[in-house]
Amino acid sequence: MTHRDPEPILRRLLGPAGPETTCDACFEQLDVYVDREVLLGDAEQAMPALAAHLRGCPACAEDHASLLAIAREAGATPG
């Protein structure tokens with residue numbers, strides 16, 4: 001019998017420890033977040049509320065992963 005790490009499940013149940021944003025605000029700022037992530041590498045530090053939301057919201061995290069993949073596939077480079 002294997003035991004899974006309960007921490008990811010607990011984090012989702014308890015929510016973020018820091019500031020958080022809503023799904024609507026996340027959707028509005030997600031492109032800026034991904035641009036910062038790909039081009040500057042400072043998205044989490046620059047937008048901590050959005051980063052916390054992405055860790056706790058599977059739907060927004062999925063949107064983030066898709067947009068990030070598209071940005072990387074498009075070859076986004078620091079400008």
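Reader: Which residues is His-53 in contact with, leaving aside its neighbours within four places in sequence?

Author: This is a predicted model, and in it His-53 is in contact with Glu-20, Thr-21, Thr-22, Cys-23, Cys-26 and Cys-60 once those neighbours are left aside. His-53 itself lies in helix α4.

Reader: What makes His-53 count as buried?

Author: Its relative accessibility is 4%. Buried means under 20%, so His-53 counts as buried. Within α4, Leu-50, Ala-51, Ala-52 and Leu-54 are buried along with His-53. The buried residues of α4 pack against α2, α3 (43–46) and α5.

Reader: Thr-21 is among the contacts of His-53. Where does Thr-21 lie, and why is Thr-21 called buried?

Author: Thr-21 lies in the loop between α1 (7–14) and α2. The relative accessible area of Thr-21 is 19%, and the cut-off for buried is under 20%, so Thr-21 is buried. Beyond its neighbours within four places in sequence, Thr-21 is in contact with Cys-26, Ala-49, Leu-50 and His-53.

Reader: Let's move to α4 and α5. What makes α4 roughly perpendicular to α5?

Author: Their axes come within 6 Å and cross at roughly 110°. Angles of 65 to 115 degrees count as roughly perpendicular, so α4 is given that label relative to α5.

Reader: Which residues meet where α4 and α5 are in contact?

Author: From α4 there are His-53, Leu-54 and Gly-56, and from α5 there are Pro-58, Cys-60, Ala-61 and His-64. By class, the contact has four nonpolar, three polar and no charged residues. Gly is counted as polar in this scheme.

Reader: How do you know that α5 has the span expected of a helix?

Author: Helix α5 covers residues 58–73, which is 16 residues. From first C-alpha to last, α5 reaches 22 Å, and that is close to the 22 Å expected at 1.5 Å a residue.

Reader: Which residues of α5 are buried, and how do you know that they share a side?

Author: The buried residues are Cys-60, His-64, Leu-68 and Ala-71. They cover an arc of only 70° around the axis, so they sit on the same side of α5. These buried residues pack against α2 (23–40) and α4 (48–56). On the other side of α5, Glu-62, Ile-70 and Glu-73 are exposed.

Reader: Ala-71 and Ile-70 both lie in helix α5. Why is Ala-71 called buried, and why is Ile-70 called exposed?

Author: Let's take Ala-71 to begin with. Its relative accessible area is 14%; with buried set at under 20%, Ala-71 is therefore buried. For Ile-70 the relative accessibility is 55%; exposed means over 50%, so Ile-70 counts as exposed.

Reader: What follows α5?

Author: Gly-75 follows α5, and the phi of Gly-75 is positive, near 75°.

Reader: Now for Arg-36 in helix α2. Why is Arg-36 called partly exposed?

Author: The relative accessible area of Arg-36 is 27%. Buried would need under 20% and exposed over 50%, so Arg-36 is partly exposed. Its contacts, leaving aside neighbours within four places in sequence, are Gly-41, Asp-42, Ala-43, Ala-46 and Met-47. Arg-36 and Met-47 are eleven residues apart in sequence and 9.3 Å apart in space, C-alpha to C-alpha.

Reader: Finally, the chain as a whole. How many helices and strands does the chain have, and what share of its contacts join residues at least 24 apart?

Author: The chain has five helices and zero strands, and its elements run α-α-α-α-α from the N terminus on. Among contacts between residues at least 6 apart in sequence, 64% join residues at least 24 apart. Buried residues make up 23% of the 79 residues in the chain.

Definitions and conventions: Residues are numbered from 1 along each chain as its sequence is written. This is a predicted model: local features need pLDDT of at least 70, side-chain atom pairs count only at pLDDT 80 or more; totals for chains, interfaces and linings use all residues. Side-chain values use heavy atoms; hydrogens and water are left out. Helices (H or I, at least four residues) and strands (E, at least two) are DSSP runs, numbered from the N terminus. The expected span of a helix is 1.5 Å times one less than its number of residues. Buried means under 20% relative accessible area, exposed over 50%, partly exposed in between (1.4 Å probe, protein chains only). The arc is that of the directions from the helix axis to the C-beta atoms. Contact means heavy atoms within 4.5 Å. Axes are lines fitted to C-alpha atoms, for helices over the stretch in contact, and angles run from 0 to 180 degrees between N-to-C directions. Angles under 35 degrees count as roughly parallel, over 145 as roughly antiparallel, 65 to 115 as roughly perpendicular and the rest as oblique.
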